[in-house]
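The sequence and the model come next, and the text then goes through selected parts.

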Amino acid sequence: MNKALTQVISRIQELINRQEVIEAWLQKQSQQPRQALTDAVTQRQHLAELELLVNRLHPADIALLLESVPPEQRTLIWNHVEQKSAGAVLLEASDPIRQQLIRQSHSDDLSAVARHLENDEIADLVHDLPKEIIPDLLSSLPGEDRDAVRSALSFPEHCVGAWMEFDITAVTQHMSLDNVLSKLRDQGELPDNTGYIMVTDEAGSLTGMLTLEDLLIHQGQLSVAEVMSPVGIYFQTRDQAEDAARSFERYELIIAPVVNSHNKLVGVLRVSALMDLMDKLAQQKMLVQAGLSNEENLFDPISRSARNRWPWIALNLLIVFIASQIIDQFEQVISQTVALAALLPITANIGGNAGNQVVALVIRGLATQQLAPDNRLQLVRKELSVALLNGALWGTITGFLTLLLYQNINLGFVMLLAMFCTMLFAACIGVGIPILLKALGQDPALGSSVIITGTTDTLGFFIFLGLAAMIL
């Protein structure tokens, strides 16, 4: 966030706080008309400044502001957002915030807000709008726009069709370059800063792409077919949007055409849309990996936030109870060698760290599709080899340090073996958990951090104390 934006947001929050103070003061001073009138004028001045500052912000910054304040202040800000930018703000806001703002808005206001959006943006927003206003909203659109929105709504969110744009500049391959220039003049605008014009045949099938550079430097009597570039990367409406985003990153694309199953050009996919998708997925994965619901917002009600965290807390509690019972079974061993209590956390913590490293690597491999069924065995062999090497190295170091501290060679040997075995098991679990979740149709990041930490802790205790019982 740049300094100027930070200052504006700070000023808006200051105005909101003053507004709350004045409202509380007016309620107490209602019996003094002159003072109440003065405070009311001050209140209106603050609200006017608040509205001016809010609507100077970019919609994305307004969304950030709404996500940065508690719900009661969020309503005040939303009520002062201009209708022409309110739709863009809703699209920029996170899912929980967008749904809250929609619930607080009147149906007529939502319909008016949606009409300021492009077709693909309306399709993105319709999923969250109240069902009773959707028919009226669609019927108010021109015929072509209505068909485009309905077409976008037919695609699941994970498909390219749900993220493409319908407003495209397309020409036929038999047109002359002069005719193309004339068409652009009639439209009064250039293709959205991408420098590409899509080319089709007479039947609407995608045949190539024309750059503005080619349009301007070649003779006007030449046909589009003579100067256009062949189609490189393109997508079908049912392709996975996440796969398309990786292709954009790999090939440094700005725009790519989208066709239907009959190779008819139906839209374009822009890097800006896919950046929003990847940012959304990254935030969801970060929350899910920690065992948090991807619907939780920073200022959600306390009860909802608490409920969202119950399942993983319960799972963690179960694992901890199992670990405590394992320790309890070795009470006699611990009482005979008190040093075991001090050394107990070491193997568990190191195992958790090693397991989380492997989990992160496997989740990334699954996300980028580098890890596939035919190379999983190779990954398992590689990670086991790494675990054997690290276990031998750091087990030896830990065992030697234990020997120096406690002057007990058997205790040092227990520590060496415990470190070696724990890191080996952590590698197996780190590879297995994400792959198992993927096979079950779940997100591989789903609570992996919570599961791996609890499991390696439990195994670490069991391995360390079991070895101690056998050797000491």
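In which helix is Thr398 found? Thr398 belongs to helix H19, which covers residues 376–406.

## Basis of the model

This is a predicted model, in which local features need pLDDT of at least 70 and side-chain atom pairs count only at pLDDT 80 or more, while totals for chains, interfaces and linings use all residues. Residues are numbered from 1 along each chain as its sequence is written, and side-chain values use heavy atoms, with hydrogens and water left out.

## The chain as a whole

The protein chain has 21 helices and six strands. Helices (H or I, at least four residues) and strands (E, at least two) are DSSP runs, numbered from the N terminus.

Of the 472 residues in the protein chain, 43% are buried. Buried means under 20% relative accessible area, exposed over 50%, and partly exposed in between, with a 1.4 Å probe and protein chains only. Among contacts (heavy atoms within 4.5 Å) between residues at least 6 apart in sequence, 67% join residues at least 24 apart.

## Thr398 and its surroundings

Is Thr398 buried or exposed? Thr398 counts as buried because its relative accessibility is 15%. Leaving aside neighbours within four places in sequence, Thr398 is in contact with Ile346, Met415 and Met419.

## Helix H18 and its partners

H18 and H19 pack with their axes 12 Å apart, at an angle of about 160°. Axes are lines fitted to C-alpha atoms, for helices over the stretch in contact, and angles run from 0 to 180 degrees between N-to-C directions. H18 and H19 are therefore roughly antiparallel to each other. Angles under 35 degrees count as roughly parallel, over 145 as roughly antiparallel, 65 to 115 as roughly perpendicular and the rest as oblique. On the H18 side, the residues that meet H19 include Ala339, Ile346 and Val362; Thr398 is one of the H19 residues that meet H18, as are Lys382 and Tyr406. By class, this contact of H18 with H19 has nine nonpolar, two polar and two charged residues. Ala, Val, Leu, Ile, Met, Phe, Trp, Tyr, Cys and Pro count as nonpolar, Asp, Glu, Lys and Arg as charged, and the others, Gly among them, as polar.

Helix H18 (residues 339–367) also packs with helix H20 (residues 409–439), at an angle of about 30° and with the axes 8 Å apart. H18 and H20 are therefore roughly parallel to each other. By class, the contact of H18 with H20 has 21 nonpolar, five polar and one charged residues.

Helix H6 (residues 95–103) is mostly covered, with seven of its nine residues buried. Among them are Asp95, Pro96 and Arg98. Ser94 lies in the loop between H5 and H6 and is partly exposed, with a relative accessible area of 24%. The C-alpha atoms of Ser94 and Leu66 are separated by 9.7 Å, although these residues are 28 residues apart along the chain.

In helix H8 (residues 119–126), six of the eight residues are buried, including Asn119, Ile122 and Val126. The buried residues of H8 pack against H6, helix H5 (83–92), helix H7 (107–114), helix H9 (134–139) and helix H10 (143–153).

## Cysteines

How many disulfides are there by the distance rule? The count comes to zero, where a disulfide is a pair of cysteine sulfur atoms within 2.5 Å. Cys159 is buried, with a relative accessible area of 4%, whereas Cys421 counts as partly exposed at 25% relative accessibility.
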